[in-house]
Amino acid sequence: MTEDFKDNKVIHAQSSETIPGGAGGSVPDLDYVRPAEVSDQDLYHGHSFITKWVFCQDAKVIGIQYFCLATFTGIIGLILSWLMRLQLGFPEAAGFMTAEHYYQFVTMHGMIMVVYFLTALFLGGFGNYLIPLMVGARDMVFPYLNMVSFWSFFVAVLVLLASFFVPGGPTGSGWTLYPPQAILEGTPGSGMGIILMCVSLILFVAGFTMGGLNYLITVLQARTRGMTLMRMPLTVWGIFTATVLAMLAFPALLVGSLMMMLDKLLGTSFFMPTILKAGEVLEYGGGSPILFQHLFWFFGHPEVYIVALPAFGIISDLISVHSRKNIFGYRMMVWAIVGIGALSFFVWAHHMYVSGMNPWFGFFFATTTLIIAVPTAMKVYNWILTLWRGNIRMNTVMLWCLGFIVTFVNGGITGIFLGNVSVDVPLSDTYFVIAHFHMVMGIAPLMVIMGAVYHWFPLVTGKFLSEKLGKWHFWTTFLGAYSIYFPMHYLGFIGVPRRYFEMYDSPYMTSAVGMNEFISLAAFLVGAAQFILIFNIIKSLKTGKVAGKNPWQANSLEWLTPTVPPEHGNWGDRLPVVHRWAYDYSVPGAKEDFITQTTAPSEVADTKVEKT
Amino acid sequence: MHAGIIFFLVILGSVLFHIFTPWYWTDIASNWGSMDDTITLTFWIGGGVFVAVCLFMVYCVFKFSYKEERKAEYKPEDKKLERILTWATTLGVAALLAPGLVVWNQYVNVPKNALEIDVMAWQWGWQYRLPGEDGKLGTTKIVNINDNNPFGIILEDPYGKDDIMIQSDVINLKNNRPVKILLRSVDVLHNWYVPQFRAKMDAVPGVVTYYWFEPNKVGEYEVLCAEYCGVGHYAMRGGVKVQSEQDYEIWLQEQETFSELIAKQKKIELNETKLAKK
Amino acid sequence: MSDPKIEGYEFKPGFGGMAADTASDQTMFKGVHWGKAMMWIFLLSDTFIFSCFLISYMKGRGSTPVEWPNASEVFGLHVFGVDVPLLLIAIMTFVLITSSGTMALAVKYGYEKNRKMCGWLILATAIGGLTFVGMQAFEWSKLIHEGVRPWENPFGAAQFGSFFFMITGFHGTHVSIGVIFLFIYAYKTFAGHYDERKRGWFTSMKGDYVEIEILGLYWHFVDLVWVFIFAFFYLW
Amino acid sequence: MAEADKKEQTTTHKIGIYLWIWGLLFVLSFFSYMVDWYQFQGMLRWSLILIFMFLKAGLIMAFFMHLFWERYALVNVLLWPMTAIACFIFLMVAEFKYTLFTRLLYFFVGG
């Protein structure tokens with residue numbers, strides 16, 4: 001594959017702009033772009049180590065900070081999953097683990113992976129790094145707020161980790177934190193554990209709101225000249241829509257956590273009905289546990305798409321760049337992202353078909369849920385149609401993309417099982433659910449993250465990651481993860497319920513012992529394989545091949561900065577001017593197989609560009 | 001090239017695994033065969049799409065791998081193709097949704113002749129209550145629960161007196177008689193789930209939830225708690241015995257009603273006071 | 001506020017204009033200051049928070065079989081030998097609307113660069129807000145004195161107190177934060193920070209009178225929420 | 001803030017419009033207070049409460065918060081998400097009715 005990287009064409013961001021301001025002069029009418037509406041952004045440049053690297057206001061550094069902290073929590077989540085799999089596969093070897101421990105690990109694994117790892121990584125990490133670069137802004141619009149956002153996240157993580165060391169340990173109520181059990185004796189960590197969990201979530205939401213406002217306003221109000229919404233790379237669309245969802249969905253989580261904390265601390269009864277515990281009636285009464293479930297899933301379902309939409313966006317860009325072909329049906333892709341985002345607020349109770357809510361909701365939510373399947377399927381078709389008649393570079397990035405397609409389609413199809421109300425009845429609360437959501441919002445987004453790391457590493461550091469190690473990393477991760485979760489669906493068919501500390505004394509479940517051992521072994525392997533990446537990063541930072549400018553011959557703006565890696569302020573003296581979408585690959589008549597976004601129409605006058 | 005082969009093997013392996021899997025659903029023992037049928041239908045349509053999409057991907061990998069001299073096609077959109085795909089998908093989704101909704105409609109509408117059973121859950125166990133001769137269960141209140149009134153039946157309620165109380169985690173059911181499970185919890189969320197019956201529903205404190213099924217295979221089954229309910233969740237098991245009509249009637253005769261329990265308690269109390277007097 | 005003028009961009013009215021604005025480059029909200037756009041989006045998010053609170057309140061109140069206390073009596077005041085229902089609340093509403101009006105005028109004078117007038121109006125708004133918070137404290141202490149607690153109350157369903165303290169408390173926090181910022185902005189206005197475009201203490205961004213409008217949006221939002229709380233908590 | 005540098009373009013409104021709206025808000029608040037004063041009940045009370053509430057909210061948003069003069073792009077971005085809230089409200093109404101129904105049925109009425 002190495003020949004792909006030879007002769008990188010160096011492109012200057014300003015190459016197409018002859019006269020600032022645009023109108024008149026020597027600029028041909030064809031290339032005219034409206035002058036800037038607002039003057040250039042005024043940035044605070046840090047000078048000391050603290051203002052440059054710690055309390056930094058540069059979105060790129062903040063993005064890396066988010067990335068590293070999220071990865072750190074992700075590794076904790078990974079270790080917790082090892083412990084869980086040890087118990088499930090080899091209970092004799094896990095003699096040190098009690099049921100309390102197990103449930104605490106389950107809970108913390110879930111919460112860390114969904115909120116503190118994936119959400120923070122996609123929006124905080126990739127969002128911060130890529131949005132300003134991709135829309136041609138100098139930085140996020142409110143750099144100070146952006147810095148505070150990261151440090152709120154930092155405190156949220158500290159509080160979360162602190163709960164491991166308080167009496168009673170972290171909460172063990174499952175990542176859904178359902179009351180009443182979350183705050184009652186009989187569940188591990190029902191004292192300080194759950195309180196710290198709620199506090200941590202509230203901090204996370206507060207911090208995320210600050211970051212989210214930045215992402216949204218940067219995309220809406222700070223694009224560069226010529227950058228219309230319909231010229232943005234899909235990565236930006238995915239992150240943008242996910243942020244919208246986050247801004248509107250996190251409030252429900254905040255309210256739910258706050259109310260549960262009041263139930264615990266003040267003895268209010270928002271979610272607590274009359275309860276008889278160990279022969280005594282507790283001083284609660286009249287509340288409704290199902291209300292919490294509604295609030296939680298009003299947050300929780302959009303949360304699924306907060307993780308999925310950035311993944312959709314990023315994968316579209318990776319596939320397009322590495323198959324040297326425009327993304328098929330760009331407008332359809334954008335509308336699908338927006339449509340999925342909007343619909344995700346009307347489907348939440350499909351997590352609650354057997355929760356004892358009003359049974360008639362089943363009809364409404366099954367219908368809305370299956371409607372969402374249509375735009376999602378369209379996205380999948382467009383990805384594979386982008387591969388079709390492309391010129392596919394089979395490098396590591398592309399492997400992750402292909403791995404994503406397989407796992408995402410698999411997980412998406414099982415989603416149709418669970419979304420379709422009566423099919424969900426036998427399967428809900430079983431291992432089928434675990435397999436489904438790990439495939440669709442665990443492994444699939446992970447594939448995207450890895451692909452994105454291999455793709456943008458040369459931008460962030462100026463060096464390539466090693467392809468050889470990358471391939472090892474990919475194949476162990478993909479094959480291992482697939483062999484964890486694909487068979488796991490069948491445990492669900494047998495009827496094995498989830499969140500069982502130990503399960504083998506039922507006659508029809510004993511047949512699954514072997515499978516459980518196999519799954520655990522695969523899980524250990526996949527987890528260990530992730531350290532290949534860390535090794536690869538360290539090694540490549542030191543001895544990796546120097547990438548130079550625009551090593552993948554991509555079109556989008558982030559590769560067109562005057563320096564690689566980009567400096568604070570991104571664009572040097574002059575902001576880029578955008579003339580086209582980010583997907584003009586292999587245009588007939590063009591000299592190169594790519595035409596960057598900043599290339600003026602007059603420069604490529606003899607090509608057959610269909611869309612600008 | 002190698003990558004394409006491995007991806008192909010993964011798809012092939014998935015299909016073979018599905019065909020030859022030793023792990024599949026347990027033999028159904030209730031009327032919810034329709035759920036199995038919808039699952040099978042979803043498998044055919046969904047599995048078909050999965051295989052088709054992935055094989056197409058593998059084909060692309062083989063056919064369009066990088067060649068220096070080739071240039072990719074430039075085709076931003078194809079309205080016709082997109083329209084066809086949208087409608088085909090919509091049709092497929094509708095075909096999956098329709099049976100799902102029909103079955104759900106059966107699930108939430110309980111037949112008139114269903115026998116109501118009060119399933120009471122706590123951390124971590126089950127007990128059951130059947131209506132007596134009047135065919136109706138008495139109303140309950142959690143604060144009434146004590147040793148003499150294990151179900152918290154409201155004493156003034158005339159329907160409650162003849163209720164049959166089964167203070168055991170095993171319940172017997174009559175074969176081919178629909179039952180309406182009324183779920184009640186005194187502390188946290190639980191879920192009364194028998195894999196062979198396919199059906200399940202959470203027990204939520206503060207409200208009563210329900211579902212129904214008709215057992216149609218004589219035998220003994222294990223009840224699992226399917227909603228996380230604290231550290232004892234995994235050990236919260238119970239049992240169901242589905243019996244023929246004769247066996248069921250014999251079993252039913254042996255059970256105690258609420259008024260019998262009260263009478264027994266009174267007798268004990270009387271004896272105790274007598275003893276105390278002596 | 002007529003449409004701002006943007007070189008090379010032609011404004012169209014109505015939905016056609018919306019489509020054109022959305023499809024254009026650089027900005028979607030033409031002529032809208034970044035900070036103002038941010039405040040609007042933040043308020044949208046905050047609306048969801050208050051909506052979730054009120055929806056929970058509706059669900060909690062609707063599903064309890066226990067009698068809900070009669071707000072009209074609980075919040076009544078006994079003055080001059082007469083029981084006046086909701087008197088305190090009526091006065092609080094009056095105060096908050098008054099402060100909203102002064103804020104609206106402050107924004108107007110801010111845009112006219114009338115430093116003095118703007119400063120005094122902001123100060124008046126801040127004092128109005130402070131009065132509101134004080135009256136809320138009085139209301140809380142009165143209720144607590146009568147035995148209303150977050151976990152119980154003598155009038156009926158226990159959730160009454162829970163939702164009351166939580167929702168008015170959350171709203172009161174918003175008011176208090178607003179009051180603090182109003183005082184700060186009043187100082188900054190009088191000191192002329194917006195006229196000389198002095199940089200912010202933390203953000204190091206240049207000051208501008210548009211910040212008054214941004215604060216105004218927040219303050220009106222607080223008033224807006226009170227309209228809903230008044231309707232659902234006191235009148236229902 | 002970069003936009004601050006742009007030429008002053010904002011025209012302000014006459015003070016009269018603010019005073020008008022201010023007055024209307026007082027009047028409407030007075031009316032909604034009267035709903036309680038006269039103890040209207042049932043549908044009449046509910047519709048009056050909601051009408052006055054939405055009128056007040058609308059006036060504040062439209063004039064004090066200047067939404068009336070903003071461009072449709074902003075207005076629509078702000079108002080469309082409310083459909084999610086509306087959906088949440090409608091469903092929760094159905095939910096609380098169902099919860100109350102089961103509570104009354106199984107804990108009070110019986111049968």
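Modeller: The model is predicted, and the values below are computed from it. Two packed helices are described by the angle between their axes and the distance between the axes. In chain C, the axes of α4 (residues 87-111) and α7 (residues 210-235) cross at roughly 160 degrees and come within 9 Å. α4(C) and α7(C) are therefore roughly antiparallel to each other. The crossing in which α4(C) passes α7(C) is left-handed.

The residues in this contact can be listed by helix. From α4(C) come C:Ile89, C:Thr93, C:Leu96, C:Ile97, C:Ser100, C:Met103, C:Ala104, C:Ala106, C:Val107 and C:Gly110. They meet C:Ile212, C:Glu213, C:Gly216, C:Trp219, C:His220, C:Asp223, C:Trp226, C:Phe230 and C:Tyr234 of α7(C). Sorted by class, the contact of α4(C) with α7(C) has 12 nonpolar, 5 polar and 2 charged residues.

Next, the contacts between chains. Chain B gives 80 residues to its contact with chain A, and chain A gives 96. On the chain B side, the elements that supply two or more residues are α1 (2-20), α2 (33-63), α3 (79-108), β6 (190-193) and β9 (219-225). α3(B) gives the most, with 14 residues. The class count for this side of chain B is 51 nonpolar, 17 polar and 12 charged residues. Chain D touches chain B through 8 of its residues, against 9 residues from chain B. The chain D side of that contact divides into 3 nonpolar, 4 polar and 1 charged.

Chain D itself is assigned two domains, domain 1 (11-70) and domain 2 (81-111). Taken over C-alpha atoms, the centres of domain 1 and domain 2 of chain D are 30 Å apart.

The backbone spots are in chain A. A:Pro180 sits in the loop between α4 (143-162) and α5 (192-221) of chain A. Another cis peptide bond runs from A:Val564 to A:Pro565, with omega near -10 degrees. A:Pro565 belongs to the segment after α14 (513-543) of chain A.

Positive phi angles come next. A:Ala278, which is not a glycine, has a positive phi of about 50 degrees. A:Ala278 is placed in the loop between β1 (276-277) and β2 (280-281) of chain A. Because 10 other C-beta atoms lie within 10 Å, A:Ala278 is exposed. A:Gln553, also not a glycine, has a positive phi of about 55 degrees, and lies in the segment after α14 of chain A. A:Gln553 has 21 other C-beta atoms within 10 Å, so A:Gln553 is buried.

One further residue is found in the segment after α14 of chain A, namely A:Ala605. A:Ala605 counts as exposed because 11 C-beta neighbours lie inside 10 Å. From C-alpha to C-alpha, A:Ala605 and A:Ala590 are 9.1 Å apart in space, and 15 residues apart in sequence.

Notes:
Residues are numbered from 1 along each chain as its sequence is written. Chains are lettered from A and ligands numbered from 1 in the order in which they are written. This is a predicted model: local features need pLDDT of at least 70, side-chain atom pairs count only at pLDDT 80 or more; totals for chains, interfaces and linings use all residues. Domain bounds come from an automatic or database domain assignment. Helices (H or I, at least four residues) and strands (E, at least two) are DSSP runs, numbered from the N terminus. A residue is buried if 20 or more other C-beta atoms lie within 10 Å of its own, exposed if 12 or fewer, and partly exposed in between; C-beta atoms are placed from the backbone. Axes are lines fitted to C-alpha atoms, for helices over the stretch in contact, and angles run from 0 to 180 degrees between N-to-C directions. Angles under 35 degrees count as roughly parallel, over 145 as roughly antiparallel, 65 to 115 as roughly perpendicular and the rest as oblique. A crossing is left-handed if the near helix is turned anticlockwise from the far one by less than a right angle, and right-handed if clockwise. Two residues are in contact if their C-beta atoms, placed from the backbone, lie within 7 Å. Ala, Val, Leu, Ile, Met, Phe, Trp, Tyr, Cys and Pro count as nonpolar, Asp, Glu, Lys and Arg as charged, and the others, Gly among them, as polar.
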